[in-house]
Amino acid sequence: IMDSVIFFKWILRDITPFEEALLEEDIRDSYKKKGITFKSRKLPKAFPTLSTLAEVMKAKIKSETTSSKSKESRENMLASLQPYISGAYSSMFNGQTNWEYEFFTVFDISGLPEAVMQPLYDILLKDTWQFCKTDRTRTKRVYVDEAHQFADPGNPQTLKFLSSSIKRGRKYGISFVTATQNLPDFLSIERYGQAIIDNSYFKLFFRMGETDLPVIKQLYSFSDQEIAILKGSTGKRSGSKGKGIFIAGSQRVVIQVRASKYELEIVDPIQYEEIYGKKSRFTSRQK
């Protein structure tokens, strides 16, 4: 229930404590409508959806015993949730889960509109955490790209959850790889963003933007030579593409990453053809 409340906060940005209490009550009643209470010992075949929540809220709005303040609050929340219940985003959010985790599962949400990016990312991250906890004997790796999406001062709970998961993950056999291209935003909620960085034993920095450099220099006291590498200004001869700094514990080294022959054929067919004198199998696909 609390995970659900945090999810709704990504949509109901200005929710008040009073409205949050009403929402928590309505979520509980939505589960109750499907036969799930705190005393339940078995799970039902079908779980409550946003449609169930809408039915519960509408019934309370119509009820004569509901105060006018509660009715107005529910009407406002229901109006904000309408795109997710029956509107443009309903196919993503309103329904039973219809997929399973496989050996290698990728959630590609890069093409989604910004309005749904954060709430969907929140759901997927929490679902992944629950799945990973089911078997402590198996090693699991979770890759969280664009992690700065969670660094919202107005709703820090998801970043807090990620920070907590990284700390607790080791005892469940889970290792996290967190990636971001926007360090200042990631550290805007210092308590959790900084905690994620501090709890990462391995850190890898590639070429960084002008706004990132002062932040990273202050954090790790990089030398002028190291800053030049992170600026990508180490000279054309040595090249800056794929060059970075790798930190393991208290040790740091300069690294140069190069794609293998197989990788290069996929990610850069033109360079592959120049180096190996063979036509890439993926040239036409890239075009």
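**Entry 1**

I looked up Lys60 and found it buried, with a relative accessibility of 15%. The cut-off explains the label, because buried means under 20% relative accessible area. I note here that the model is a predicted one.

Which residue does Lys60 pair with in a salt bridge? I found Asp29, with the closest N and O atoms 2.5 Å apart. This pair links distant parts of the chain. Lys60 sits in helix 3 (residues 50-62), Asp29 sits in helix 2, and 31 residues separate them. I checked Asp29 too, and it counts as partly exposed at 25% relative accessibility.

**Entry 2: Arg28 and Glu24**

I stayed with helix 2, which covers residues 17-33. The side chains of Arg28 and Glu24 form a salt bridge there, at 2.8 Å from N to O. The two residues are four apart, about one turn of the helix. I recalled the general rule: an α-helix has 3.6 residues a turn, so residues three or four places apart point the same way.

Then I looked up accessibility. Arg28 is partly exposed, at 31% relative accessible area. Glu24 is also partly exposed, at 22%.

**Entry 3: Asp122 and Lys126**

I moved to helix 6. Asp122 and Lys126 both lie in this helix, four residues apart, about one turn. Their side chains meet in a salt bridge, 2.7 Å from N to O. Are these two buried or exposed? Asp122 is buried, with a relative accessible area of 1%. Lys126 is buried as well, at 7%.

I also noted a network. Salt bridges with shared partners join Glu25, Asp26, Asp29, Lys60 and Arg74. For the whole structure, my search gave twelve salt bridges.

**Entry 4: Helix 6 against helix 7**

How do helix 6 and helix 7 pack? Helix 6 spans residues 114-133 and helix 7 spans residues 157-168. Their angle is about 20°, and their axes are 11 Å apart. Angles under 35 degrees count as roughly parallel, so helix 6 is roughly parallel to helix 7. The crossing is left-handed.

I listed the contact residues. Helix 6 gives Asp122, Leu125, Lys126, Trp129 and Lys133. Helix 7 gives Thr158, Phe161, Leu162, Ser165 and Arg168. By type, the contact holds four nonpolar, two polar and four charged residues.

**Entry 5: Helix 9**

Last, I looked up helix 9 (residues 190-198). Its buried residues are Tyr192, Gly193, Gln194, Ala195, Ile196 and Ile197. What covers them? The cover includes helix 7, helix 8 (183-186) and helix 10 (212-220). It also includes strand 2 (174-178) and strand 3 (202-205).

How values were computed:
Residues are numbered from 1 along each chain as its sequence is written. This is a predicted model: local features need pLDDT of at least 70, side-chain atom pairs count only at pLDDT 80 or more; totals for chains, interfaces and linings use all residues. Side-chain values use heavy atoms; hydrogens and water are left out. Axes are lines fitted to C-alpha atoms, for helices over the stretch in contact, and angles run from 0 to 180 degrees between N-to-C directions. Angles under 35 degrees count as roughly parallel, over 145 as roughly antiparallel, 65 to 115 as roughly perpendicular and the rest as oblique. A crossing is left-handed if the near helix is turned anticlockwise from the far one by less than a right angle, and right-handed if clockwise. Contact means heavy atoms within 4.5 Å. Ala, Val, Leu, Ile, Met, Phe, Trp, Tyr, Cys and Pro count as nonpolar, Asp, Glu, Lys and Arg as charged, and the others, Gly among them, as polar. Buried means under 20% relative accessible area, exposed over 50%, partly exposed in between (1.4 Å probe, protein chains only). A salt bridge is a side-chain nitrogen of Lys or Arg within 4 Å of a carboxyl oxygen of Asp or Glu.
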